[in-house]
Amino acid sequence: MKKLLVIAKSLGGGGSEVALVEFLNHLDESKYDVTLLLLDKDIEYKYRLKKKLKIKYIEFDNKIYHLLASMYALPGKILKKIGFNKYFPIYDFLAKHSKMPSLPHYDIAIDFYGYGAFTTAFLALNVKADKKAFWLHDEQMPWIVNVERYFNAYDKIFGVSKAIKNTFDSMYPKYKKIKCLL
């Protein structure tokens with residue numbers, strides 16, 4: 001059985017969270033031992049999970065660091081929106097000040113959120129796994145500059161459509177890791 005870690009913003013919010021729940025529900029329990037690691041404690045869609053899985057949360061040395069990483073908090077949204085991590089590695093700093101829940105080595109680790117946010121950096125910097133991947137859910141990706149520095153830590157990048165793959169390929173032609181899920 002393979003150990004799989006899936007990192008996401010939360011279990012509440014919008015379309016990518018619904019897709020996350022469906023993804024988790026379709027995993028074969030006989031093949032994967034799944035741990036879901038969340039940045040924020042919104043669990044609005046937890047009732048939709050049809051499988052039992054371990055849910056853990058990224059913890060920080062203090063509340064301010066969590067506010068800077070969170071997509072629910074204004075400081076985190078601003079940092080992402082202005083592409084601050086491209087010029088100053090704030091996500092590296094936050095990753096150093098995050099407390100790892102006790103996580104083993106994984107066969108596969110996936111950043112399902114994939115919107116150029118702290119979760120991509122956290123997985124790249126703090127998680128030990130044989131294979132790492134992240135998702136891209138949106139064809140418009142001005143935010144991706146926040147996580148360019150972590151691309152080399154990933155084995156695969158998945159786009160949920162051909163349009164996303166084409167956009168990524170035109171922005172980053174040297175990375176041939178992106179695969180289209182459709």
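E17 and K9 are both buried (under 20% relative accessible area; exposed is over 50%, partly exposed in between; 1.4 Å probe, protein chains only). The two residues form a salt bridge, defined as a side-chain nitrogen of Lys or Arg within 4 Å of a carboxyl oxygen of Asp or Glu. Their closest N and O atoms are 3.2 Å apart. The model is predicted: local features need pLDDT of at least 70, side-chain atom pairs count only at pLDDT 80 or more, and totals for chains, interfaces and linings use all residues. Residues are numbered from 1 along each chain as its sequence is written, and side-chain values use heavy atoms, with hydrogens and water left out.

The salt-bridge count comes to 3. Side chains of opposite charge can pair when their charged atoms come close. K54 and D33 form one of these bridges, at 2.5 Å from N to O. K54 lies in strand β3 (residues 54-57) and D33 in strand β2, so the pair ties together parts that are 21 residues apart in sequence. Helices (H or I, at least four residues) and strands (E, at least two) are DSSP runs, numbered from the N terminus. K54 is partly exposed, at 38% relative accessibility. D33 is also partly exposed, at 24%. K165 and D169 form another bridge, with the closest N and O atoms 2.7 Å apart. Both residues lie in helix α7 (residues 162-171), 4 residues apart, about one turn of the helix. An α-helix has 3.6 residues a turn, so residues three or four places apart point the same way. K165 is partly exposed, at 25% relative accessibility.

E17 is also one of the buried residues of helix α1 (residues 15-25). The buried residues of α1 pack against β1 and β2 (32-38). L5 sits in strand β1 (residues 2-8). L5 is buried, at 0% relative accessibility. Beyond its neighbours within four places in sequence, L5 is in contact (heavy atoms within 4.5 Å) with T35, L37, L103, Y106, I108, A109, I110 and V127. The C-alpha atoms of L5 and T119 are separated by 12 Å, although the residues are 114 apart along the chain.

The largest nonpolar core has 42 residues. Such a core is a set of buried Ala, Val, Leu, Ile, Met, Phe, Trp, Tyr and Cys residues joined through side-chain atoms within 4.5 Å. F118, V127, L136, I144 and F168 have the most contacts inside the 42-residue core. Two or more residues each come from β1, α2 (63-69), α5, β6 (106-111), α6 (118-126), β7 (129-136) and α7. The largest share, 5 residues, comes from α6. A second, separate core of 19 residues includes L4, L11, Y45 and L53.

L74, I78, I82, F84, Y87 and F88 make a nonpolar patch of about 650 Å². Patches are made of residues with over 30% relative accessible area and no salt bridge: like charges are joined within 9 Å, nonpolar side chains (Val, Leu, Ile, Met, Phe, Trp, Tyr) within 5 Å. Helices α3 (74-81) and α4 (84-87) each supply at least two residues of the patch. F88 lies in the loop between α4 and α5 (90-96). F88 is partly exposed, with a relative accessible area of 44%.

Key: Accessible areas come from the Shrake-Rupley method with a 1.4 Å probe; for residues, only the protein chains shown count as cover.
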